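Welcome! Please keep the sequence and the 3D view at hand as you read.

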Amino acid sequence: MRSAFQLNSRLATLAVRNARRARQTAAMAFTTNEHDPTAASASALASTGVDQHSLPEPSPLYAGTGLDVWTMMNQAAAEVGAVNLGQGFMSFPPQAFIRRAAQEALEENAHNQYAPPRGRPALLEQIAARFSPTLGRRLDVASEISVHAGANEALLSVFTAFLTHGQAHEVILMEPAFDQYAPNIAMAGGKPIYVPLRLQADARKVVSSDDWKIDMAELEAAVSPKTRILVLNTPHNPVGKVFTRDELTQIGAIAERHNLLVLADEVYEHLTYAREHVSIASLPRMWERTVTVGSAGKLLGVTGWRVGWAIGPRALIQPTLAAHTRIVFTANTPLQEGVASAMRQAATNGFYDAQRQEYQRRRNRLIEIFDDAGLPYVVPDGAYYLLVNASAVRLPQDYPFPDAIASRGPNFRLAYFFIREFGVSGIPPAEFYCEPHRHLAGDYVRFAFCKTDEGLDAAAVALQKLKRHLQSE
């Protein structure tokens, strides 16, 4: 009979072998059928003996969907061990008082059961306390706030509440636009209409995020009798633009003239750098037609907690809450309580100011890195992304790009090249444009600076290789 030591050694050997095979399979997936969900589903069905042709057809909205940009770039980065400056999650832990707030919430039995669909009273009170001054009014926790399973679900709830399937309702998006907006609109039965921000400066030089402008005449011309919602993202992802009071006033006037609902995505409201953030709902006559969306994930650096909120008048929040109740019913209870406790403490312990200063320091560090590398960029006034213009990077014409990358266009190829050759991952902003406007992404790559000092230092070292690929003007 084998000894326990022999048996454990055998099991350990099998585990190492299986792990190696799993890594090989994962690496192969990028260039095989993982970028084709239809093929992957067919393969899975075939392995069970089910004839896929006998099953109902999936919705056209999802049947042909390729691998999302986040998975695609994260997967490519993992294959070569690249420094991940792509997806906007924090690579450093939340502050101790924030973690402790969640841990303590789990100890209370009542916090482990369903929360009211509108949200836990403690969190509603903290949201009201933080945003009443910003909006210039005392928020009613019983009718003007709803808590959601992340800001994205809050956005989907608004679209679901105010768009009707079969009515061809339209929603105006300012590009580059966060890639969740358009699918959410389609799920709710609406149609996105795109109006791009345009750079009013030389992209080959360092420019300000304020140099990206919306043409107000073009914006108004996009409104039709079917338009119901205008989405406004400030501070803006990925540009970092903080819309000025004058710009917001002009946008609000267009919304008023055409009786539009404004959906204000303000998840980065606390991260601005020497620039005033103004909520459009605080402007005259705009409260009545605006839903403002926020995020605990961005506010506290806990993107995995998936707690967000919507704020607005009763007439807009009540249908939003009704949609939320049918989408997820309620957001998770213990983390609502954890967010409430953390917000209560953050209001008096200096957290928000310290956090802003830390992000500004990280922003400046990443700017220094690309100054040294010799590439220009867009200086962001808000959020935590840096758009870098890599038009000077020379890509070999015969470079072996995977089909999944090559088929997505030059901006994807550029981002992939950064990963494979320089060991630093970013996101191609072409993903934030509709097909006719993808060329406006130009040679930009988006990098996130919500990362540790060690991660940014590693990126600085890795990007030294970039200099060999720069073409002289």
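## How confident is the model?

pLDDT is the predictor's confidence in each residue, on a scale from 0 to 100. The chain has an average pLDDT of 89, and 88% of its residues score at least 70. Residues 1-39 stay under 50. For that stretch the model has 28 contacts beyond four places in sequence, where a contact means heavy atoms within 4.5 Å.

This is a predicted model, in which local features need pLDDT of at least 70 and side-chain atom pairs count only at pLDDT 80 or more, while totals for chains, interfaces and linings use all residues. Residues are numbered from 1 along each chain as its sequence is written, and side-chain values use heavy atoms, leaving out hydrogens and water.

## The chain as a whole

The chain holds 17 helices and 15 strands. Both are DSSP runs numbered from the N terminus: helices are H or I with at least four residues, and strands are E with at least two. Of the 473 residues, 52% are buried. Buried means under 20% relative accessible area, exposed means over 50%, and partly exposed lies in between, using a 1.4 Å probe and protein chains only.

The chain exposes about 21200 Å², and carbon and sulfur atoms supply 52% of that area. These areas come from the Shrake-Rupley method with a 1.4 Å probe; for residues, only the protein chains shown count as cover. Among contacts between residues at least 6 apart in sequence, 75% join residues at least 24 apart.

## A four-stranded sheet

In what order do the four strands of the open sheet stand? The order is β6-β12-β13-β15, with mixed pairing. Strands β6 (207-208) and β15 (444-448) are at the edges with a single partner strand each, so one side of each has no neighbour in the sheet. Helix α14 (residues 351-373) packs on this sheet and touches β12 (377-379), β13 and β15. The direction of α14 makes about 155° with that of β12; axes are lines fitted to C-alpha atoms, for helices over the stretch in contact, and angles run from 0 to 180 degrees between N-to-C directions.

Two strands count as paired if DSSP finds at least two bridges between them. Strand β13 (residues 385-389) runs antiparallel to β15, joined by five bridges. Along this pair, Y385 stands opposite A448, and L386 stands opposite F447. On the β12 side, two bridges join β12 to β13, again antiparallel, and Y377 stands opposite V388. Strands β12 and β13 form a hairpin with five residues between them, and A383 in the turn has a positive phi of about 65°.

Is β13 enclosed or open? Five of its five residues are buried, so β13 is largely enclosed by the rest of the structure. In a regular strand the side chains alternate between the two faces of the sheet. Here Y385, L387 and N389 lie on one side and L386 and V388 on the other.

## Strand β11 and its partners

Strand β11 (residues 308-311) is buried too: G308 and A310 point one way, W309 and I311 the other. Strand β2 (residues 145-148) pairs with β11 in the antiparallel sense over four bridges, and strand β10 (residues 290-295) also runs antiparallel to β11, joined by four bridges. W309 is a handy landmark, with V147 opposite it in β2 and G294 opposite it in β10.

## Residues to look for in the loops

L260 sits in the loop between α10 (245-257) and β9 (261-265). L260 is buried, with a relative accessible area of 2%. Its contacts include V223, T227 and R289, and the C-alpha atoms of L260 and R289 are 7.2 Å apart.

The loop between α7 (151-162) and β3 (170-175) holds H169. H169 is buried at 11% relative accessibility, and its side chain reaches the backbone nitrogen of T164 at 3.1 Å. A168 lies in the loop between α7 and β3 and is partly exposed at 34%.

Most residues other than glycine have a negative phi, and most peptide bonds are trans. A168, however, has a positive phi near 55°. The bond from E175 to P176 is cis, with omega near 0°, and a cis bond also joins N237 and P238, with omega about 20°.

Terms used. Polar contact = N/O pair within 3.5 Å; in protein donor to acceptor, adjacent residues only side chain to side chain.
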